[in-house]
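Subject: Handover of a structure and notes on its contents

Dear colleague,

Please find below the structure that I am handing over to you. My notes on what was found in it follow directly after.

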Amino acid sequence: MCGIVGYVGTPGVRSHNALEMVVSGLRRLEYRGYDSAGVALVADAQLWTEKRAGKISNLVEALGGQEVPVSHTGIGHTRWATHGGPTDRNAHPHVSSDSRVAIIHNGIIENFAELREELRETGVVLTSETDSEVAAHLVAAVLPEVDGDLAEALRQVSRRLEGAFTLVAVDADRPDVIVGARRNSPLVVGIGENEAFLASDVAAFIEHTREAIELGQDQVVEVRATGVTVTDFAGNPAEVTPYTIDWDAAAAEKGGYDLFMLKEIAEQPRAVADTLRGRVGRDGRLALDDMRISDAEFREVRKIIVVACGTAFHAGLVAKYAIEHWTRIPCEVELASEFRYRDPIVDARTLVIAVSQSGETMDTLMAMRYAREQGARVLAICNTVGSTMPRESDAVLYTNAGPEIAVASTKAFLTQIVAAYLVGLYLAQVRGNMFGDEIRAIERELEEMPNRVDLVLDTVEGVRALARELADATSVLFIGRHVGFPVALEGALKLKELAYMHAEGFAAGELKHGPIALIEDGVPVVVVMPPKGGRQSLHGKILSNIQEVRARGARTIVIAEEGDESVVPFADHVIRIPPTPTLMQPLVATVPLQVFACEMATARGLDVDQPRNLAKSVTVE
Ligand code: F6R
């Protein structure tokens, strides 16, 4: 949510052109927000800024028509609007009234109204409707009191701000430095050769350096081409842990695909394999990453709560079936944004599993912090190494899916399910709920899944054709039972966010309690059919549900395993998936639904990778 880039290079080095570095970084961060974009450069002891509503292409077009000064220090921002609409005026950077300080911001400054008032009383004229602009004026006001020390000014201002913020500032009088402050929203430093970067995400600078430092909570960083100084908000030196980013620039490129989403759908077999890789030790026992929870503590767990949002929440819903089945521990799955507002029952024997692709989703972060305060142990299932959730958890299981750039989550979903299953099996192992050979059998089933997902990908052409055929539909319903229910929810979410179409997922048994009234002639209903060889009662029941909707005019699209002929008489379209045990089925049944939504959005002429009103990493509550 909002992409931030800062760059500082060495004067005289031609390749150290701040504008190019900042704009290329912004392009890579555009998935974080695309309501407006802007840059500020420090050149000849002046600030030079340009900003435009809309996508980065608008900014680039505006830059094209101008003589931009040569500069080796600059900042840039791509916005997901919170306070104030997506206009040129509200775009970042915001500049102080004396035109000396420019600031970019990600997050929400909650006490901005009183700060605006205070500034107004001192005669400052605010030119935007944003919460962010106050920071520029406040820093400019403090600078003379601290001998022009930009880092100290930012520390003092940060101490006054409430809410979540990453701020990056430049000062016209200090062309050799950029300064950043971080509370709750991500900020990472990239250390290059005689140049350095500051960004909300490593994707911004991965083509220039893989050496990075993740900033901690309430820290301020002063970045020069020659080095980096980090302190806390009080000015005390802070320890930093540099790390090397283990993926390369190509992973954040489209790699020959038209869309990031298509690439990420295609990457799923490899992503699932990578989530599993290295998790089974030579002795056949499971080993998880960064495990700071002892087996004795795992044995004491009496309740599990999964907290997550959106697609990750759906992954949690799937995992619940497996975790309860394997461990016999009650498992609740809670929308992270609701969790801490309902006085949940959490104690030291509660294991909270926070599931998140980005590791930065504010709702999930706040839920897990709350759970920790109540004494719970928190395990993060996360895709982004170095992000906030893993750092603040007692244990981490990385999904290793590689960067997910398309706003709609695909490979994250499959790998989150696999990771949550590994946690379930680990618990079953240490608590002795299952015999070793039972666990091994499930591991082997999981190891089969990359091949099965591959088989599904080989056969999705028919799904594409169907999506094009249904592109004018006004509503699509999805039904499933057991693990097929969260798959139905996920299919509906994908369609809503990408095709801007009314879509809803239901537990098939619930239809008759109300939603069946939505069925009228020709309404497409997508049915996730459980495996035939699974629980017979489940299969038979949903077969009846298909007939119920068909009798009322629905156009039925049935996802069923190869060889399940029982569905054919009641299906207008059958989408085949390979036979798979029930608990593994979401890993194959979701894939056609991802393809369906992607193709539907394309057929409707929509921007699949950057759907309207959304952003990839939701760092506000
Ligand atoms: C949907 C989607 C979102 C995210 C949700 C959580 O396609 O991408 O619903 O799943 O915002 O994000 P993370 O997993 O980063 O916490």
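Is R328 buried or exposed? The relative accessible area of R328 is 64%, and a residue counts as exposed when this value is over 50%, so R328 is exposed. Please keep in mind that the model is a predicted one.

**Backbone features**

R328 is found in the loop between α9 (310–327) and β16 (331–335). Although R328 is not a glycine, its phi is positive, at about 60 degrees.

D343, which is likewise not a glycine, has a positive phi near 55 degrees. This residue is placed in the loop between α10 (336–339) and β17 (350–356), and with 61% relative accessibility D343 counts as exposed.

The peptide bond that leads from H92 to P93 is cis, and its omega is near 0 degrees. P93 has its place in the loop between β4 (73–79) and β5 (94–95).

**Salt bridges**

How many salt bridges does a search of the whole structure find? The search finds 35. I describe some of them here.

One of them joins the side chains of D394 and R372, at 2.6 Å from N to O. D394 lies in the loop between α12 (388–391) and β19 (395–398), whereas R372 belongs to helix α11 (residues 362–373); the pair therefore ties together parts that are 22 residues apart in sequence. D394 is buried, at 6% relative accessibility, while R372 is partly exposed, at 36%.

D394 also forms a salt bridge with R377, and the closest N and O atoms of this pair are 3.2 Å apart. Here, too, distant parts of the chain are linked: R377 is in strand β18 (residues 377–382), 17 residues from D394 in the loop between α12 and β19. R377 is partly exposed, with a relative accessible area of 23%.

R342, by comparison, counts as partly exposed, with 36% relative accessibility.

With kind regards

Terms used:
Residues numbered from 1 in each chain as written. Predicted model: local features only at pLDDT ≥ 70, side-chain atom pairs only at ≥ 80, totals over all residues. Heavy atoms only, no water. Salt bridge = Lys/Arg side-chain N within 4 Å of Asp/Glu carboxyl O. Buried < 20%, exposed > 50% of the residue type's maximum accessible area, 1.4 Å probe, protein only. Helix = DSSP H or I, 4+ residues; strand = E, 2+ residues; numbered from the N terminus.
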